[in-house]
Amino acid sequence: MIRSLSLRLPVIAAAVTASLVAAGCGSSSSGSGGGAAASVPGITKTQILIGSHQPLTGPAAPGYSEIAPAANAYFQYVNAHGGIYGRKIKYTYLDDGYDPAKTVSVVHQLVLQDNVFAIFNGLGTPTHLAVVKYLNTNKVPDLFVASGCDCWNNPTAFPYTFGWQLDYIREGKILGSYIKQNFAGKKIGYFFQNDEFGQDGVKGLDFQIPHSQVVSRQSYVPTNVNVGPAVAALKASGAQVVVSFSIPAFTALLKLAALKLGWNPTFVVSDVGSDPITLAGLLEAFAKKGGATVSGNALTQGIITDGYLPTLGSTSNSWIALFKKVHDTYDAKAPFDGNVLYGEAVGYAFVQAMVKAGKNPTRAGVVKAVAGGLAQGASVAPYDYSASDHGGIMGAFIGVIKNGAIVQQGPVLTTDTTPTGAVTPFTGPQPAAPASGMP
Amino acid sequence: MTLVRHLVAAIVAGAVIWALSVQLNAFRDFQMAEIAVYVVAIAGLSVLLGLSGQISLGNGAFMAVGAYACALLMMHLNWPIWALFPASAAVAAAAGAVVGLAAARLQGPYLAGATLMLAVALPSLADQFPGVFGGDQGLSVNVTAPAALGATFPQTRWLAWVCALATLITMVILANLARSRVGRNWRAIRDDPVAAALAGLNVAWLRVLAFIVSAACAGLAGAMLAVTTSLVSPGSFTLSLSIALLAGAVLGGLGTLTGALWGGLVIVLVPTYVTDVATSHGLSGGVAANIPIAAYGVVLIVVMLVFPQGIQGGLRRLATPFLPTPPTRLGPPGQRPPASEHEGLDSPYRRPPVSEHQEEGTS
């Protein structure tokens, strides 16, 4: 007995040794980018290595898992056309399954082992919040986070972090100003996801819509699909317009619950939850589960929303044409939808930043380049990048869903994230995509 | 005597870990800390399942309790790390006592169901009370290496040290506990609760105690996870974490502490290693992303086919012909080595050998 006991922990020690040595061997082959003469991590004479954390599996994967391959498709296009100052972009995106603990793990792997130059387009608010401090402490550029949280725009605490997409506060203000003008005197109800996404959106709405007009505020958590009581409360409040900061599944649940109650208010839905293709599919699937048949496109008809990238249907737009071409060549298996457009557009922004950072890019250099401002790219409104602003796209247009596609209504509106900052039309035309397809 | 041997072994293991942490790169150090988290959590579950014969699908929730306790104590009271770990374990142990009281009345699938509910429901409390628990974004936990180690000292190496030390201490305690009267009593109630009760054991209390110990381990693991990832958020404590712990315990070998180590190694290293291989062979994104999950499944199936008693059970079986005396057994029914084995201290509470079929009938 005693002998066997004394065996136990040395066995543990031996096991640790064996497996970690084996793991160590595995790492030497995969660790790339460190061997060059250049002292900048991830940069060699021929390559720029960047990494990302993405939900490739798990609950957030449907839809979102298309983004990184789309960005990579654009990088392959750039690589095939000479790269950036002769360097080809290598994009390593690892799966975090939308689990913040996993995000920490994969980002450590990217930074410490793969030696990436930058983390690009890390997806998700709770996930990326888990690593934002780590990246800034280690001075790793954290470019164009894939989340509309206002939290990335904090140059004092996070000098290396930049947001990209229209943040939810700005989006709330833009939707709010439209509602204030077009639904004056009507009763407004809010339906929002009870986290930073929905709360920031509501914050923006409240900056614009008079409080007396808001008759009901209902929230949901993504883990509870029973929205019936919330929708019943909205109906009971007499709301004529319902503003929804929801993900697509909950926009669909909201619409179906209202239909069940025979209630048909005007719906105003945030960009995140209003992709007509996704919505129509979800509406039909959910209705089928409940034993009913509905036409998705008929139900999405008339939903008011906003967009910060050109609409997919505008085939004459030079950016849509470019991204469609890149998509067809390098990412043809994926549908050309909002997520793919997003991925390619944010990929373009990264190439812009690297071109601006010059022939000998450094980590501090690329941060300085972005903070010095980026020219407007595929987005309909310019970027706010400056030394004091790390937010990203400043505005969007209002759109209405017609026959399964978003149709732009009126001008592009821009604003800031302050309570009093005005929402103003942006009159500048969107610059055309460069003929070469590269910044 | 036993304590001394365990301590000596722990010191040897500690020395090996120290040597490794200095040799390996910063990311491998980080992985060591991650492995340590899983080893502690799995060891706790393994004690519950392998020794006391109770199942829990809710240890991920106890990890959440420990992690949030750690984050809150650090935020509001600014406790140092050496106090945070035991305190988090204690808070989780208290939660374990409450659940254990209810669990002592339940068995088999009913117990699994009740603890499953815990795993699903508890983490979402954080969403319900965002003011206290930070909602979906969670709370941040910032522990930095002491300045005495120097400004350039890798943070991840320090984390690896802290977590490894906590793990070794836990292992020594658990190893001693398993060989103490409590451990023997657990085995007795596991093998035959009626006989154990007739022999004068308080079956209900022993079951609650097993839950407390298991929850304390999970709580410590949660606190270690919080410190390692510098964050506590509900997204880290999903049902799949609880299932992963159970899979790790079964994979490693139920009721053995070394098995917990194997379980932790598999859970942490297999996905990373497979991802490295999959991406370096240029597999398409959709395929590469799902390969780690598939590989994990394959490992699970293969181990269960080849080593039904888990990796540790299998290794022990392979090594049996070379060992001078038969090893002691900690495993649950059905994992019993040949009946010729003497188990010294175990024997008073053991039933005479019965066939596997009969034993399954009682469980």
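Modeller: Happy to, and please keep in mind that this is a predicted model. Let's begin with S12(A) and strand S13 (residues 424-426) of chain A, which run antiparallel and are joined by three bridges.

Biologist: Which residue in S13(A) is the bridge partner of Thr414(A)?

Modeller: S12(A) covers residues 405-414, and its pairing with S13(A) is antiparallel. Within S13(A), the partner of Thr414(A) is Thr424(A).

Biologist: And how many bridges join S11(A) to S12(A)?

Modeller: Strand S11 (residues 395-402) and strand S12 of chain A form a hairpin with two residues between them. Asn403(A) sits in that turn with a positive phi of about 50°. One of the bridges pairs Gly399(A) with Gln408(A) in S12(A). The two strands run antiparallel, and the number of bridges joining them is eight.

Biologist: Nice. Now to the open sheet of chain A: which strands are at its edges?

Modeller: Five strands form this sheet, with parallel pairing, in the order S2-S1-S3-S4-S5. An edge strand pairs on one side only, and here those are strand S2 (88-95) and strand S5 (161-163) of chain A.

Biologist: Inside that sheet, what is the bridge partner of Gly51(A) in S3(A)?

Modeller: Strand S1 (residues 47-54) and strand S3 (residues 118-120) of chain A pair in the parallel sense over two bridges. Gly51(A) has as its partner in S3(A) the residue Ile119(A).

Biologist: What angle does the direction of helix H3 make with that of S2(A)?

Modeller: Helix H3 (residues 67-80) of chain A packs on the sheet, where it touches S1 and S2 of chain A. The angle between the directions of H3 and S2(A) is about 170°.

Biologist: Is Cys149(A) buried or exposed?

Modeller: Cys149(A) lies in the loop between S4 and S5 of chain A. Its contacts beyond four places in sequence are Thr125(A), Asp167(A), Glu196(A) and Asp200(A). Thr125(A) is 24 residues away in sequence, yet 6.6 Å away in space, C-alpha to C-alpha. Because 20 or more C-beta atoms within 10 Å count as burial and Cys149(A) has 23 others in that range, Cys149(A) is buried.

Biologist: Why do the buried residues of H14(A) line one face of the helix?

Modeller: In helix H14 (residues 363-371) of chain A, the buried residues are Val366(A), Val367(A), Ala369(A) and Val370(A). Their cover includes S3, strand S4 (142-145), S5 and helix H13 (338-357) of chain A. Seen down the axis of H14(A), the buried residues line one face because they fall within an arc of 160°.

Biologist: Over in chain B, how are H13(B) and H15(B) oriented to each other?

Modeller: The axes of helix H13 (residues 257-280) and helix H15 (residues 310-319) of chain B come within 7 Å and cross at roughly 120°. Where they meet, Thr258(B), Gly259(B) and Trp262(B) of H13(B) face Gly310(B), Ile311(B) and Gln312(B) of H15(B). An angle of 65 to 115 degrees would count as roughly perpendicular and one over 145 as roughly antiparallel, so H13(B) and H15(B) are oblique.

Biologist: Last one: what radius of gyration does chain A have?

Modeller: Chain A holds 14 helices and 13 strands, and 56% of its 439 residues are buried. A compact globule with 439 residues would have a radius of gyration near 22 Å, which agrees with the value for chain A, 24 Å.

Notes
Residues are numbered from 1 along each chain as its sequence is written. Chains are lettered from A and ligands numbered from 1 in the order in which they are written. This is a predicted model: local features need pLDDT of at least 70, side-chain atom pairs count only at pLDDT 80 or more; totals for chains, interfaces and linings use all residues. Two strands pair if DSSP finds at least two bridges between them. Helices (H or I, at least four residues) and strands (E, at least two) are DSSP runs, numbered from the N terminus. Two residues are in contact if their C-beta atoms, placed from the backbone, lie within 7 Å. Axes are lines fitted to C-alpha atoms, for helices over the stretch in contact, and angles run from 0 to 180 degrees between N-to-C directions. The radius of gyration is taken over C-alpha atoms; the globule rule is 2.2 Å times the number of residues to the power 0.38. A residue is buried if 20 or more other C-beta atoms lie within 10 Å of its own, exposed if 12 or fewer, and partly exposed in between; C-beta atoms are placed from the backbone. The arc is that of the directions from the helix axis to the C-beta atoms. Angles under 35 degrees count as roughly parallel, over 145 as roughly antiparallel, 65 to 115 as roughly perpendicular and the rest as oblique.
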